[in-house]
Structures are given as structure tokens and as C-alpha cells.
Amino acid sequence: MDALKAAGNEAVRQGNYTSAIDLYTQALSSIDKNMVDDLAALHSNCSFAHLKLGQHPEALDQANKCVSVKPDWSKGHFRCGEAYFALQDYAAAAESYEKALSLSPDDQTIKRRLSLTQEAIEGFYFRQLLPGRDFCLTPSDIIERQIFSSARQMQNFIYLVGDAKTREAVVIDAAWDVKGIKAFAAQDSIKLVGAVVTHYHFDHTGGTPPPPFDAFGIKVPGVRELAVEDSVPVYVNKFDAEIIKQSNNVPAASIVEIEDSATISVGSVKLHFIHTPGHTPGSQCILVPRPSQDILLSGDTLFIGSCGRLDLPDCDVKAMYTSLQKKLASLPDNTRVYPGHDYGGPYTTIADERRKGFLRPVSERDWLLQHKM
């Protein structure tokens with residue numbers, strides 16, 4: 001029995017889950033039924049292997065057998081939770097995780113999975129990612145080391161928004177470390193089904209950095225990798241679409257050109273697009289209505305106490321005035337604003353920016369005088 005179990009564990013380490021199940025099943029058929037610990041461990045291991053193969057009912061069956069053999073072992077209840085979660089029976093998953101946590105109250109993995117399950121019951125998935133904290137963590141070579149270092153300096157926020165029940169989300173402004181972003185999503189059992197672009201600049205989309213950094217020949221990973229490797233659509237405002245195709249080499253078939261006031265759905269979650277030119281011709285913000293407090297993902301249009309740069313070649317000071325004063329300032333005061341960079345904090349509100357930021361009432365004449373280039 002021990003040899004079969006060890007061989008099964010080795011098969012798991014090699015990713016050969018079908019062989020692992022065969023070996024664990026052989027071990028179960030030959031084990032003394034009084035060997036409770038070994039029986040429970042084998043059922044737990046079988047459950048894990050079935051889960052890896054996407055065989056969710058079988059994983060649940062083995063997890064329940066584990067609990068039946070050893071009801072006071074947290075691992076069995078955790079395996080039940082994992083199987084129920086994969087089956088999207090979140091109420092049952094929460095019950096199993098809670099039981100597991102009662103038996104192992106300090107287990108951080110169980111706590112995290114219970115939190116994800118409670119979020120899934122509510123239905124809204126939202127993450128704000130920051131380089132050096134959530135991704136761009138462990139470079140694999142000297143080029144990645146340089147890219148990750150630049151990302152930490154640029155302080156770009158990247159967002160995952162979607163439906164916590166269906167476990168689907170879009171990534172907003174994916175750049176710098178696409179592998180790390182996908183790994184973060186996978187850790188939350190989230191499937192990325194789209195990439196949203198707030199504007200075309202390389203630190204929000206990847207591709208070739210501007211001069212003089214382009215001389216190094218380094219390409220920053222971004223929406224192209226998601227479009228080509230993962231076949232996800234790239235949602236970009238129509239006025240920035242052509243440059244995304246050219247500068248980022250995103251296939252035209254992957255581009256979904258967004259108009260002002262367009263809406264897309266990710267499960268039950270709706271994303272409303274607001275065209276906010278000024279920083280670039282196709283800059284756009286994304287409004288996500290929520291029952292208690294709407295969320296605005298503002299890209300580089302609105303920061304805490306400021307707005308995006310207006311001194312670049314295709315910036316438009318007058319257009320930015322309209323975007324801020326006529327569009328964003330009219331949103332409800334309690335709308336929480338999540339900007340494109342960590343320039344002073346993770347979020348603000350429309351009310352705060354109307355009081356002390358760039359949404360303060362100002363005439364167009366005064367705005368143009370203040371921002372005369």
C-alpha cells in the first residue's frame with residue numbers, strides 16, 4: 001500500500017493525475033479498513049487528482065468518503081469545499097470550508113477559500129493589482145528584471161472585474177507581467193474572458209516603450225499576449241484602436257472597437273464605457289454600477305487630485321476639460337474612483353474630486369489658461 005501511495009504522489013508531482021488515481025485506487029483496494037489515517041489520505045489525494053482533471057462529481061465523491069472515514073480531519077472538509085466550489089455550489093462550499101476552518105482555525109488557505117466563496121455568493125469579483133505586490137514579483141531573466149523594475153516605478157494599477165459566480169472576469173490595462181496577472185487570476189479560480197484598454201499608452205497595453213527606451217529593443221508584455229495566446233477580445237475605444245493594432249501588433253480580429261456609452265456584460269456584471277478624450281483621443285473610463293456604490297475605473301483621465309498628462313503629442317486640453325467637467329463631474333458623489341496609477345492612494349470618490357481635485361467647478365476659459373501648453 002505504501003509503495004502504491006508513494007507512486008501515486010509522484011504521479012501527481014509529474015502532473016499525471018489519471019495514473020495517480022489508478023495507483024491510489026489500487027492502494028485503497030488493498031488497505032486494511034482499520035487504517036483510518038491512510039484511508040482518509042488516499043481518498044483526499046484521489047479527490048485532488050479528480051479535481052485537477054475537471055472531474056468534479058468524482059472529486060466530491062472521494063472528498064465525502066474522506067470525511068466519512070475521518071470526520072474530525074479538516075483536509076476532508078476542505079476537499080469537499082474545493083469540489084463544491086468547482087461545481088459552483090457556493091452555499092455548500094462555504095459550509096464545508098467553515099467546518100474545515102473550525103477544525104484548523106489558523107489555516108490561511110482555508111480562510112482565503114472561504115472568503116472567495118462568500119464573495120461568489122454575493123456575485124461581484126473585483127481586484128486592484130499593483131506591480132511588486134501582486135505581480136511583477138520574481139523575474140526569470142535580466143530582461144524581466146528590467147521590466148518589473150520599470151513597472152514598480154510606473155505604479156500602474158491593473159484591475160480584474162467580473163462575475164464571482166461564473167468565475168469570469170476581464171482584465172483592465174494588462175501590461176508588464178501578463179504571466180503574473182494570469183497566475184493571480186488562476187489562484188482565484190478566475191477565467192479571463194476579455195482585455196479592456198483605457199487608452200493606448202504602453203504602460204497600460206504593453207508593446208514598445210517610447211523613446212529613448214525603445215532603443216533597448218525590449219517589448220513589454222500586454223494585450224497582444226492575451227489576444228494571441230488566450231484568444232480573448234480586446235476592448236478599446238475606436239479612436240485608439242488603430243494604434244493598438246499597429247504599435248502592439250494586436251490582430252485586427254481580436255479588436256472590439258468601443259463607442260461612447262457602449263456596454264458589455266461579464267456574467268451578471270455590466271461595464272459601461274464613457275469616452276473621455278484628452279489624455280489620448282480614445283481615452284475611456286469604465287463605470288460599473290453596484291447596488292451600494294458605483295465604481296469608476298478612470299485610467300489616466302482622473303487621478304487623486306489631478307488628471308493625466310496633457311503635454312504629449314496627441315493630448316487635447318479642451319477635450320480633457322469636457323471629459324472632466326461635463327462627463328465625470330456629473331456622476332453621483334459617492335461613486336468610488338479607481339485610477340490607472342498609484343499616485344497618492346488606491347481610490348478616491350467623485351465627491352472628493354469635486355471638492356478638492358480636478359472636478360472642482362471651473363470655467364473653460366480658466367481651465368485653458370491654467371493648462372496652456
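1. Strand 8 (residues 269–275) and strand 9 (residues 284–288) run antiparallel to one another, with 4 bridges between them. Strands count as paired if DSSP finds at least two bridges between them. As a reminder, strands of a sheet pair through backbone hydrogen bonds, either parallel or antiparallel.

2. Before going further, please note that this is a predicted model, in which local features need pLDDT of at least 70 and side-chain atom pairs count only at pLDDT 80 or more, while totals for chains, interfaces and linings use all residues. Numbering starts from 1 along each chain as its sequence is written, and side-chain values use heavy atoms, with hydrogens and water left out.

3. Helices (H or I, at least four residues) and strands (E, at least two) are DSSP runs, numbered from the N terminus.

4. The side chain of T263 makes a polar contact of 3.1 Å with the side chain of H272. Such a contact is a pair of N or O atoms within 3.5 Å; within protein, one must be able to donate a hydrogen and the other to accept it, and residues adjacent in sequence count only if both atoms are side-chain atoms. Leaving aside residues up to four places away in sequence, T263 touches K270, L271, H272 and F273, where contact means heavy atoms within 4.5 Å. T263 and I286 are 23 residues apart in sequence, and their C-alpha atoms lie 9.2 Å apart. T263 counts as partly exposed because its relative accessibility is 37%; buried means under 20% relative accessible area, exposed over 50%, and partly exposed in between (1.4 Å probe, protein chains only).

5. Turning to Q128, you will find this residue in strand 1 (residues 124–129). Its relative accessible area is 16%, so Q128 is buried. The side chains of Q128 and Y159 are joined by a polar contact of 3.0 Å. Beyond residues up to four places away in sequence, Q128 touches R133, D134, F157, I158, Y159, Y338 and P346.

6. What about the cysteines? The structure holds 0 disulfides, a disulfide being a pair of cysteine sulfur atoms within 2.5 Å. For C285, the nearest cysteine sulfur is that of C307, 11 Å away. For C315, the nearest is again that of C307, at 9.0 Å. C285 is buried, with a relative accessible area of 0%, and C315 also counts as buried, at 16%.

7. Elsewhere, K65 sits in helix 4 (residues 56–69) and is partly exposed, at 37% relative accessible area.

8. Finally, the overall picture: the protein has 15 helices and 14 strands. Its C-alpha atoms fill a box of roughly 85 × 45 × 35 Å along the principal axes. Buried residues make up 50% of the 373 residues.
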